[in-house]
Amino acid sequence: MELHFTGIIIAVSTFLIIGLCHPLVIKQEYYSGTKYWWTYLLVGIVCIAVAFVAPNWFESERVGIAVSAILGVTGASFLWGIGELFAQKKRVQKGWFPMNPKRRHEYEGIDDDETLCPVCKNAPKHLASYKH
């Protein structure tokens, strides 16, 4: 019986990538705000583009698929990080995370009722206030 570890390697890598991107977003927002959101876009697009061709660089098909999957997860995580970066700014404005005192002027007031979800922002008020 032969054991295949490709799925486990991809799963652990995904867990680590997401785990590393979360504090990266928090630190980036603290030190530089949202002005460098485009770096997340660039890294995400490059990772996804490379994921399309990476399997061709390896003799082993399993290694190529694993590298391609990890690059795809990394790219998707960075693209998701763009939204999280802007949501992190709102979290700071709400007082959930510390504000960088050197950039205090960049934060404007936020309503207590304002949601962090960009989709929910445009929802009718009666749906947004619905409680189960």
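Is R91 buried or exposed, judged by its relative accessibility? At 16% relative accessibility R91 counts as buried, and the views below place this residue and others in a model that is predicted.

**View 1. The protein as a whole is built from helices.** The secondary structure amounts to four helices, with zero strands, and the order along the sequence is α-α-α-α. Of the 132 residues of the protein, 27% count as buried, while the accessible surface comes to about 9,600 Å², 66% of which belongs to carbon and sulfur atoms. Among contacts in the protein with a separation of 6 or more, 65% are accounted for by residues 24 or more positions apart.

**View 2. Helix α1 packs against α2 and α3 through its buried residues.** The 27 residues of α1 should span 39 Å at 1.5 Å a residue, and the distance of 37 Å between the end C-alpha atoms of α1 agrees with this. The residues of α1 that are buried are T6, S13, I17, C21, V25, Q28, E29 and S32, and the buried residues of this helix pack against α2 and α3. An α-helix has 3.6 residues a turn, so residues three or four places apart point the same way. Just after α1, G33 takes a positive phi of about 70°.

**View 3. The largest nonpolar core draws on α1 and α3.** Seven residues make up the largest nonpolar core, namely I17, C21, V25, Y40, F78, I82 and L85. The elements giving two or more residues to this core are α1, which covers residues 6-32, and α3. One of the core residues, I17, is also in contact with I70, V73, T74 and S77 when its neighbours within four places in sequence are left aside.

**View 4. A nonpolar patch lies on the surface.** The patch is formed by Y36, W37, W38, L41, L42, I45, V46, L79 and F86, which together have about 800 Å² of accessible area. Both α2 (37-53) and α3 (61-93) supply at least two residues of the patch, and α2 gives the most, with six residues. One of the patch residues, L42, lies in helix α2 and counts as exposed at 51% relative accessibility, because the cut-off for that class is over 50%.

View 5. V67 is found in helix α3 and is partly exposed, with a relative accessible area of 27%. If residues up to four places away in sequence are not counted, V67 touches A54 and F58. The C-alpha atoms of V67 and I10 are 8.4 Å apart in space, although 57 residues separate the two in sequence.

**View 6. R103 takes part in a network of salt bridges.** The structure holds three salt bridges, and a network of salt bridges links E29, R103 and E106. The side chains of R103 and E29 meet at 3.3 Å, N to O. This pair links distant parts of the chain, with R103 in the loop between α3 and α4 (125-128) and E29 in helix α1, 74 residues apart. R103 also forms a salt bridge with E106, where the closest N and O atoms are 3.2 Å apart.

**View 7. E84 and R91 meet in a salt bridge.** The side chains of E84 and R91 come together in a salt bridge of 2.8 Å, N to O. The two partners fall on either side of the cut-off for burial, which is under 20% relative accessible area: E84 counts as partly exposed at 26% relative accessibility, whereas R91 counts as buried at 16%.

Terms used:
Residues numbered from 1 in each chain as written. Predicted model: local features only at pLDDT ≥ 70, side-chain atom pairs only at ≥ 80, totals over all residues. Heavy atoms only, no water. Patch = residues over 30% accessible without salt bridge, like charges linked within 9 Å, V, L, I, M, F, W, Y side chains within 5 Å. Areas by Shrake-Rupley, 256 points an atom, 1.4 Å probe, with all protein chains shown as cover. Salt bridge = Lys/Arg side-chain N within 4 Å of Asp/Glu carboxyl O. Buried < 20%, exposed > 50% of the residue type's maximum accessible area, 1.4 Å probe, protein only. Core = buried A, V, L, I, M, F, W, Y, C linked by side-chain atoms within 4.5 Å. Contact = heavy atoms within 4.5 Å. Expected span 1.5 Å × (residues − 1).
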